[in-house]
Amino acid sequence: MTTKTKIIDGNAFSARLRDTLTQKVHEMRDSHHVTPGLAVVLVGEDPASQVYVRTKHKRTIEVGMKSFMHTLPADTPEHELLTLIAGLNKDPEVHGILVQLPVPKHIDSQKIIEAIDPAKDVDGFHPINVGRLASGGEGMVPCTPLGSMMLLKDCLGKLGGLDAVVIGRSNIVGKPMAHLLLKESCTVTIAHSQTRDLPEVVRRADIVVAAVGKAEMVRGDWLKPGCTVIDVGINRIELPDGTKKLVGDVAFDEAVKVAGAITPVPGGVGPMTIAVLLRNTLVAAARLHNLPDPGV
Ligand code: NAD
(Lines give C-alpha, C1' and ligand atoms only; values in the text may rest on other atoms or scores of the structure.)
Protein backbone atom coordinates (compact mmCIF):
# COMPACT_ATOMS: atom_id res chain seq x y z
CA MET A 1 0.00 0.00 0.00
CA THR A 2 1.28 3.50 -0.78
CA THR A 3 1.08 5.72 2.28
CA LYS A 4 -1.25 8.00 0.34
CA THR A 5 -4.00 5.45 -0.34
CA LYS A 6 -7.10 6.39 1.58
CA ILE A 7 -9.21 3.55 2.97
CA ILE A 8 -12.75 4.90 2.85
CA ASP A 9 -14.36 4.08 6.20
CA GLY A 10 -18.03 3.30 5.65
CA ASN A 11 -18.50 2.23 9.27
CA ALA A 12 -17.41 5.64 10.57
CA PHE A 13 -19.34 7.58 7.89
CA SER A 14 -22.56 5.64 8.47
CA ALA A 15 -22.25 6.03 12.25
CA ARG A 16 -21.96 9.83 11.80
CA LEU A 17 -24.96 9.79 9.44
CA ARG A 18 -27.02 7.83 12.00
CA ASP A 19 -26.06 10.35 14.71
CA THR A 20 -27.29 13.19 12.49
CA LEU A 21 -30.49 11.27 11.75
CA THR A 22 -31.11 10.68 15.47
CA GLN A 23 -30.90 14.42 16.06
CA LYS A 24 -33.20 15.23 13.10
CA VAL A 25 -35.76 12.59 14.16
CA HIS A 26 -35.94 14.16 17.62
CA GLU A 27 -36.28 17.65 16.13
CA MET A 28 -39.13 16.46 13.90
CA ARG A 29 -40.92 14.82 16.81
CA ASP A 30 -40.44 17.80 19.16
CA SER A 31 -41.28 20.54 16.66
CA HIS A 32 -43.91 18.86 14.48
CA HIS A 33 -45.20 15.86 16.51
CA VAL A 34 -44.23 13.52 13.68
CA THR A 35 -42.20 10.34 14.34
CA PRO A 36 -40.95 8.74 11.11
CA GLY A 37 -42.04 5.10 10.77
CA LEU A 38 -40.54 2.34 8.63
CA ALA A 39 -42.41 -0.86 7.75
CA VAL A 40 -40.30 -3.82 6.67
CA VAL A 41 -41.97 -6.86 5.14
CA LEU A 42 -40.22 -10.22 4.95
CA VAL A 43 -41.80 -13.16 3.16
CA GLY A 44 -40.20 -16.53 3.90
CA GLU A 45 -37.23 -17.65 5.97
CA ASP A 46 -34.16 -16.84 3.88
CA PRO A 47 -31.41 -16.66 6.56
CA ALA A 48 -29.53 -13.73 4.95
CA SER A 49 -32.79 -11.76 4.61
CA GLN A 50 -33.67 -12.49 8.26
CA VAL A 51 -30.32 -11.01 9.35
CA TYR A 52 -30.82 -7.88 7.18
CA VAL A 53 -34.36 -7.37 8.48
CA ARG A 54 -33.32 -7.74 12.13
CA THR A 55 -30.49 -5.23 11.64
CA LYS A 56 -32.87 -2.80 9.94
CA HIS A 57 -35.30 -3.08 12.86
CA LYS A 58 -32.53 -2.48 15.43
CA ARG A 59 -31.11 0.55 13.58
CA THR A 60 -34.57 2.05 13.04
CA ILE A 61 -35.31 1.97 16.76
CA GLU A 62 -31.83 3.33 17.60
CA VAL A 63 -32.39 6.56 15.64
CA GLY A 64 -35.76 7.08 17.36
CA MET A 65 -38.04 6.04 14.50
CA LYS A 66 -40.96 3.61 14.71
CA SER A 67 -40.32 0.16 13.26
CA PHE A 68 -43.14 -2.04 11.98
CA MET A 69 -42.04 -5.59 11.18
CA HIS A 70 -44.23 -7.92 9.12
CA THR A 71 -42.95 -11.47 8.83
CA LEU A 72 -45.03 -13.68 6.56
CA PRO A 73 -44.72 -17.40 5.79
CA ALA A 74 -43.00 -18.44 2.53
CA ASP A 75 -46.30 -19.68 1.03
CA THR A 76 -48.15 -16.37 1.52
CA PRO A 77 -50.31 -15.80 -1.58
CA GLU A 78 -49.42 -12.75 -3.68
CA HIS A 79 -52.84 -11.17 -3.10
CA GLU A 80 -52.29 -11.25 0.69
CA LEU A 81 -48.99 -9.40 0.32
CA LEU A 82 -50.70 -6.85 -1.95
CA THR A 83 -53.45 -6.36 0.68
CA LEU A 84 -50.81 -5.78 3.38
CA ILE A 85 -49.04 -3.19 1.19
CA ALA A 86 -52.34 -1.42 0.46
CA GLY A 87 -52.89 -1.13 4.24
CA LEU A 88 -49.36 0.22 4.81
CA ASN A 89 -49.85 2.75 1.99
CA LYS A 90 -52.85 4.15 3.92
CA ASP A 91 -51.33 3.92 7.42
CA PRO A 92 -50.46 7.47 8.61
CA GLU A 93 -47.80 6.12 11.00
CA VAL A 94 -45.89 4.48 8.16
CA HIS A 95 -43.70 6.77 6.03
CA GLY A 96 -41.42 4.17 4.48
CA ILE A 97 -42.23 0.68 3.15
CA LEU A 98 -39.62 -1.89 2.25
CA VAL A 99 -40.35 -5.39 1.00
CA GLN A 100 -37.20 -7.45 1.49
CA LEU A 101 -36.08 -8.95 -1.83
CA PRO A 102 -35.91 -11.59 -3.12
CA VAL A 103 -39.52 -12.67 -2.55
CA PRO A 104 -40.50 -16.35 -3.10
CA LYS A 105 -40.80 -17.38 -6.75
CA HIS A 106 -44.63 -17.54 -6.83
CA ILE A 107 -44.76 -13.77 -6.13
CA ASP A 108 -44.16 -11.27 -8.95
CA SER A 109 -41.61 -8.88 -7.39
CA GLN A 110 -42.25 -6.14 -9.97
CA LYS A 111 -45.98 -6.19 -9.15
CA ILE A 112 -45.08 -5.81 -5.46
CA ILE A 113 -42.69 -2.92 -6.12
CA GLU A 114 -45.35 -1.15 -8.20
CA ALA A 115 -47.97 -1.60 -5.46
CA ILE A 116 -45.98 0.52 -2.99
CA ASP A 117 -46.96 4.20 -2.83
CA PRO A 118 -44.01 5.97 -4.58
CA ALA A 119 -43.98 8.55 -1.75
CA LYS A 120 -43.27 5.70 0.74
CA ASP A 121 -40.96 3.72 -1.58
CA VAL A 122 -37.78 4.15 0.50
CA ASP A 123 -35.94 1.59 -1.66
CA GLY A 124 -36.47 3.81 -4.73
CA PHE A 125 -37.40 0.86 -6.97
CA HIS A 126 -40.89 2.03 -8.07
CA PRO A 127 -40.92 3.04 -11.77
CA ILE A 128 -42.04 6.57 -10.76
CA ASN A 129 -38.90 6.97 -8.64
CA VAL A 130 -36.71 5.33 -11.30
CA GLY A 131 -38.11 7.85 -13.80
CA ARG A 132 -37.58 10.78 -11.44
CA LEU A 133 -33.93 9.82 -10.93
CA ALA A 134 -33.43 9.44 -14.69
CA SER A 135 -35.10 12.78 -15.46
CA GLY A 136 -33.48 14.74 -12.64
CA GLY A 137 -36.65 15.02 -10.53
CA GLU A 138 -37.05 14.73 -6.77
CA GLY A 139 -37.83 11.13 -5.91
CA MET A 140 -36.53 8.36 -3.69
CA VAL A 141 -33.04 7.16 -4.64
CA PRO A 142 -31.99 3.51 -4.06
CA CYS A 143 -30.00 3.17 -0.81
CA THR A 144 -26.79 1.42 -1.89
CA PRO A 145 -26.01 3.77 -4.82
CA LEU A 146 -26.91 6.85 -2.76
CA GLY A 147 -24.66 5.62 0.06
CA SER A 148 -21.86 5.04 -2.46
CA MET A 149 -22.34 8.58 -3.80
CA MET A 150 -22.15 10.04 -0.28
CA LEU A 151 -18.79 8.28 0.25
CA LEU A 152 -17.52 9.49 -3.14
CA LYS A 153 -18.47 13.12 -2.49
CA ASP A 154 -16.97 13.00 0.99
CA CYS A 155 -13.73 11.66 -0.50
CA LEU A 156 -13.45 13.73 -3.70
CA GLY A 157 -15.60 16.82 -3.22
CA LYS A 158 -16.76 17.90 -6.68
CA LEU A 159 -16.96 15.11 -9.24
CA GLY A 160 -17.68 17.19 -12.38
CA GLY A 161 -15.74 16.12 -15.49
CA LEU A 162 -14.32 12.93 -13.97
CA ASP A 163 -14.46 9.68 -15.96
CA ALA A 164 -16.55 7.11 -14.07
CA VAL A 165 -16.98 3.45 -14.94
CA VAL A 166 -19.80 1.49 -13.30
CA ILE A 167 -19.39 -2.28 -13.68
CA GLY A 168 -22.84 -3.89 -13.49
CA ARG A 169 -26.20 -2.70 -14.81
CA SER A 170 -28.71 -3.97 -12.24
CA ASN A 171 -31.77 -1.90 -11.32
CA ILE A 172 -30.69 -2.02 -7.68
CA VAL A 173 -27.12 -0.75 -8.00
CA GLY A 174 -25.54 -0.29 -11.44
CA LYS A 175 -28.18 1.77 -13.29
CA PRO A 176 -29.12 4.14 -10.43
CA MET A 177 -25.40 4.62 -9.64
CA ALA A 178 -24.77 5.63 -13.26
CA HIS A 179 -27.60 8.19 -13.06
CA LEU A 180 -26.23 9.66 -9.83
CA LEU A 181 -22.75 10.01 -11.37
CA LEU A 182 -24.26 11.64 -14.45
CA LYS A 183 -26.14 14.08 -12.22
CA GLU A 184 -22.74 15.04 -10.73
CA SER A 185 -21.48 15.74 -14.29
CA CYS A 186 -19.19 12.73 -14.57
CA THR A 187 -18.58 11.15 -17.96
CA VAL A 188 -20.18 7.79 -17.30
CA THR A 189 -19.57 4.38 -18.85
CA ILE A 190 -21.73 1.42 -17.82
CA ALA A 191 -19.87 -1.86 -18.28
CA HIS A 192 -21.53 -5.29 -18.01
CA SER A 193 -21.14 -8.97 -18.81
CA GLN A 194 -20.85 -8.32 -22.56
CA THR A 195 -18.43 -5.39 -22.42
CA ARG A 196 -15.40 -5.96 -24.63
CA ASP A 197 -11.97 -5.58 -23.01
CA LEU A 198 -13.23 -4.62 -19.56
CA PRO A 199 -9.70 -4.04 -18.12
CA GLU A 200 -9.06 -1.40 -20.81
CA VAL A 201 -12.43 0.30 -20.11
CA VAL A 202 -11.69 0.37 -16.37
CA ARG A 203 -8.17 1.79 -16.96
CA ARG A 204 -9.73 5.03 -18.27
CA ALA A 205 -11.67 5.65 -15.06
CA ASP A 206 -11.01 8.20 -12.34
CA ILE A 207 -13.89 6.55 -10.44
CA VAL A 208 -14.57 2.80 -10.55
CA VAL A 209 -17.78 1.43 -9.06
CA ALA A 210 -17.83 -2.38 -9.03
CA ALA A 211 -21.27 -4.00 -8.58
CA VAL A 212 -20.95 -7.41 -10.19
CA GLY A 213 -21.09 -10.13 -7.54
CA LYS A 214 -17.87 -11.88 -8.68
CA ALA A 215 -15.19 -12.24 -6.01
CA GLU A 216 -12.07 -10.13 -6.67
CA MET A 217 -12.75 -9.87 -10.42
CA VAL A 218 -11.28 -6.37 -10.81
CA ARG A 219 -7.49 -6.65 -10.62
CA GLY A 220 -4.97 -4.04 -9.51
CA ASP A 221 -3.46 -3.70 -13.00
CA TRP A 222 -6.90 -2.72 -14.40
CA LEU A 223 -6.82 0.53 -12.42
CA LYS A 224 -5.57 3.98 -13.31
CA PRO A 225 -3.05 5.06 -10.63
CA GLY A 226 -4.73 7.35 -8.09
CA CYS A 227 -8.31 6.45 -9.02
CA THR A 228 -11.10 6.09 -6.48
CA VAL A 229 -12.62 2.61 -6.12
CA ILE A 230 -16.07 1.94 -4.69
CA ASP A 231 -16.50 -1.79 -4.21
CA VAL A 232 -20.18 -2.68 -3.81
CA GLY A 233 -19.70 -6.44 -4.17
CA ILE A 234 -20.26 -8.78 -1.24
CA ASN A 235 -19.00 -12.30 -1.91
CA ARG A 236 -18.45 -15.10 0.57
CA ILE A 237 -15.44 -17.22 -0.38
CA GLU A 238 -13.86 -20.27 1.19
CA LEU A 239 -10.14 -20.12 1.94
CA PRO A 240 -7.86 -23.18 1.44
CA ASP A 241 -8.06 -23.91 5.20
CA GLY A 242 -11.87 -24.09 4.98
CA THR A 243 -12.60 -20.79 6.73
CA LYS A 244 -15.08 -18.40 5.12
CA LYS A 245 -14.29 -14.78 4.28
CA LEU A 246 -16.20 -11.82 2.81
CA VAL A 247 -14.54 -10.17 -0.18
CA GLY A 248 -15.60 -7.56 -2.70
CA ASP A 249 -15.59 -7.52 -6.49
CA VAL A 250 -12.14 -5.87 -6.41
CA ALA A 251 -8.88 -7.64 -5.48
CA PHE A 252 -8.28 -5.33 -2.52
CA ASP A 253 -4.63 -6.26 -1.80
CA GLU A 254 -3.66 -5.42 -5.39
CA ALA A 255 -5.95 -2.41 -5.81
CA VAL A 256 -4.81 -0.72 -2.63
CA LYS A 257 -1.32 -0.42 -4.15
CA VAL A 258 -2.62 1.50 -7.18
CA ALA A 259 -5.78 3.40 -6.17
CA GLY A 260 -5.84 6.79 -4.48
CA ALA A 261 -8.81 5.74 -2.33
CA ILE A 262 -10.76 2.52 -1.93
CA THR A 263 -13.65 1.09 0.10
CA PRO A 264 -12.85 -2.14 1.96
CA VAL A 265 -15.18 -5.16 2.13
CA PRO A 266 -16.54 -5.43 4.74
CA GLY A 267 -16.71 -1.92 6.22
CA GLY A 268 -17.08 0.17 3.06
CA VAL A 269 -20.37 0.47 1.16
CA GLY A 270 -22.15 -2.26 3.19
CA PRO A 271 -22.89 -0.23 6.34
CA MET A 272 -24.09 2.74 4.25
CA THR A 273 -27.16 0.93 2.89
CA ILE A 274 -29.18 0.79 6.12
CA ALA A 275 -28.12 4.30 7.18
CA VAL A 276 -29.42 5.64 3.85
CA LEU A 277 -32.63 3.63 4.22
CA LEU A 278 -33.25 5.53 7.47
CA ARG A 279 -32.31 8.79 5.75
CA ASN A 280 -34.86 8.05 3.01
CA THR A 281 -37.52 7.31 5.67
CA LEU A 282 -36.87 10.67 7.33
CA VAL A 283 -37.06 12.46 3.97
CA ALA A 284 -40.30 10.60 3.11
CA ALA A 285 -41.84 11.61 6.46
CA ALA A 286 -40.91 15.26 5.86
CA ARG A 287 -42.41 15.24 2.36
CA LEU A 288 -45.61 13.43 3.42
CA HIS A 289 -46.20 16.03 6.16
CA ASN A 290 -45.12 19.04 4.05
CA LEU A 291 -42.24 19.79 6.42
CA PRO A 292 -38.94 21.42 5.38
CA ASP A 293 -36.37 19.13 3.76
CA PRO A 294 -34.27 17.63 6.61
CA GLY A 295 -31.08 18.41 4.63
CA VAL A 296 -29.34 15.04 4.95
P1 NAD B 1 -26.86 -8.42 -10.21
O2 NAD B 1 -26.50 -9.87 -10.28
O3 NAD B 1 -28.28 -8.01 -10.31
O4 NAD B 1 -26.06 -7.65 -11.35
C5 NAD B 1 -24.73 -7.95 -11.65
C6 NAD B 1 -24.29 -7.18 -12.87
O7 NAD B 1 -22.94 -7.52 -13.14
C8 NAD B 1 -25.10 -7.47 -14.12
O9 NAD B 1 -25.58 -6.26 -14.65
C10 NAD B 1 -24.10 -8.11 -15.09
O11 NAD B 1 -24.24 -7.62 -16.42
C12 NAD B 1 -22.76 -7.68 -14.54
N13 NAD B 1 -21.75 -8.70 -14.77
C14 NAD B 1 -21.84 -10.03 -14.54
N15 NAD B 1 -20.70 -10.63 -14.91
C16 NAD B 1 -19.88 -9.68 -15.37
C17 NAD B 1 -18.57 -9.69 -15.91
N18 NAD B 1 -17.86 -10.81 -16.02
N19 NAD B 1 -18.05 -8.51 -16.31
C20 NAD B 1 -18.74 -7.36 -16.19
N21 NAD B 1 -19.99 -7.29 -15.68
C22 NAD B 1 -20.54 -8.44 -15.28
O23 NAD B 1 -26.18 -7.89 -8.86
P24 NAD B 1 -26.50 -6.59 -7.96
O25 NAD B 1 -27.76 -6.77 -7.23
O26 NAD B 1 -26.27 -5.34 -8.74
O27 NAD B 1 -25.32 -6.74 -6.89
C28 NAD B 1 -23.95 -6.69 -7.29
C29 NAD B 1 -23.08 -6.98 -6.08
O30 NAD B 1 -23.30 -5.98 -5.10
C31 NAD B 1 -23.37 -8.31 -5.38
O32 NAD B 1 -22.15 -8.83 -4.87
C33 NAD B 1 -24.27 -7.91 -4.22
O34 NAD B 1 -24.16 -8.80 -3.12
C35 NAD B 1 -23.69 -6.56 -3.88
N36 NAD B 1 -24.66 -5.65 -3.22
C37 NAD B 1 -24.24 -5.04 -2.09
C38 NAD B 1 -25.09 -4.17 -1.44
C39 NAD B 1 -24.62 -3.47 -0.19
O40 NAD B 1 -25.39 -3.15 0.66
N41 NAD B 1 -23.33 -3.20 -0.08
C42 NAD B 1 -26.37 -3.92 -1.92
C43 NAD B 1 -26.76 -4.54 -3.12
C44 NAD B 1 -25.88 -5.40 -3.77
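Which residues surrounding the ligand are the closest? Here are some notes for a first look.

1. **What you are looking at.** This is a predicted model, in which local features need pLDDT of at least 70 and side-chain atom pairs count only at pLDDT 80 or more, while totals for chains, interfaces and linings use all residues. Numbering runs from 1 along each chain as its sequence is written, and side-chain values use heavy atoms, with hydrogens and water left out.

2. **The ligand's neighbours.** To take up the opening question, the closest are R169, S170, H192, I234 and T273, out of 21 residues that surround the ligand. A residue makes that list if one of its heavy atoms lies within 4 Å of the molecule. By type, the shell splits into 9 nonpolar, 10 polar and 2 charged residues.

3. The side chain of S170 puts an N or O atom 2.5 Å from an oxygen atom of the ligand. T273 also uses its side chain, with a polar atom 2.8 Å from a ligand oxygen. With S193 it is a backbone N or O atom, 3.3 Å from an oxygen atom of the ligand. How much of the ligand's accessible area does the protein cover? The answer is 70% of the 870 Å² that the ligand has on its own, by the Shrake-Rupley method with a 1.4 Å probe; for residues, only the protein chains shown count as cover.

4. Look for the ligand in the largest pocket. A pocket is an open set of points, on a 1 Å grid over the protein atoms alone, where a 1.4 Å probe fits, with protein on both sides within 12 Å along at least five of seven lines. "Sits in" means that more than half of the molecule's atoms lie within 2 Å of the grid points.

5. **Helix α10 and what follows.** Helices (H or I, at least four residues) and strands (E, at least two) are DSSP runs, numbered from the N terminus. V276 belongs to helix α10, residues 270–288. Is V276 buried or exposed? V276 counts as buried, because its relative accessibility is 0%; buried means under 20% relative accessible area, exposed over 50%, and partly exposed in between (1.4 Å probe, protein chains only). N290 comes in the segment after α10 and is exposed, at 71%. N290 is 214 residues from T76 in sequence, and their C-alpha atoms are 36 Å apart.

6. T5 falls in the segment before β1 (6–7). Its relative accessible area is 8%, so T5 is buried. A polar atom of the T5 side chain lies 3.0 Å from the backbone oxygen of V256.

7. **Pairs apart in sequence.** I112 is in helix α4 (residues 109–115) and is buried, at 1% relative accessible area. I112 and E78 are 34 residues apart along the chain, with 8.4 Å between their C-alpha atoms. T22 sits in helix α1 and is partly exposed, at 22%. Between T22 and E62 there are 7.7 Å, C-alpha to C-alpha, for a separation of 40 residues.

8. **Backbone details to check.** H33, in the loop between α1 (10–32) and β2 (37–43), is a residue other than glycine with a positive phi, near 55°. H33 is exposed, since its relative accessibility is 70%. E216 is not a glycine either, yet has a positive phi of about 50°. Find E216 in the loop between β7 (207–210) and β8 (228–231), partly exposed at 28%.

Technical notes. A polar contact is a pair of N or O atoms within 3.5 Å; within protein, one must be able to donate a hydrogen and the other to accept it, and residues adjacent in sequence count only if both atoms are side-chain atoms. On a 1 Å grid over the protein atoms alone, a cavity is a set of points where a 1.4 Å probe fits but cannot get out, and a pocket is an open set with protein on both sides within 12 Å along at least five of seven lines; lining residues have an atom within 4 Å of a point. Ala, Val, Leu, Ile, Met, Phe, Trp, Tyr, Cys and Pro count as nonpolar, Asp, Glu, Lys and Arg as charged, and the others, Gly among them, as polar.
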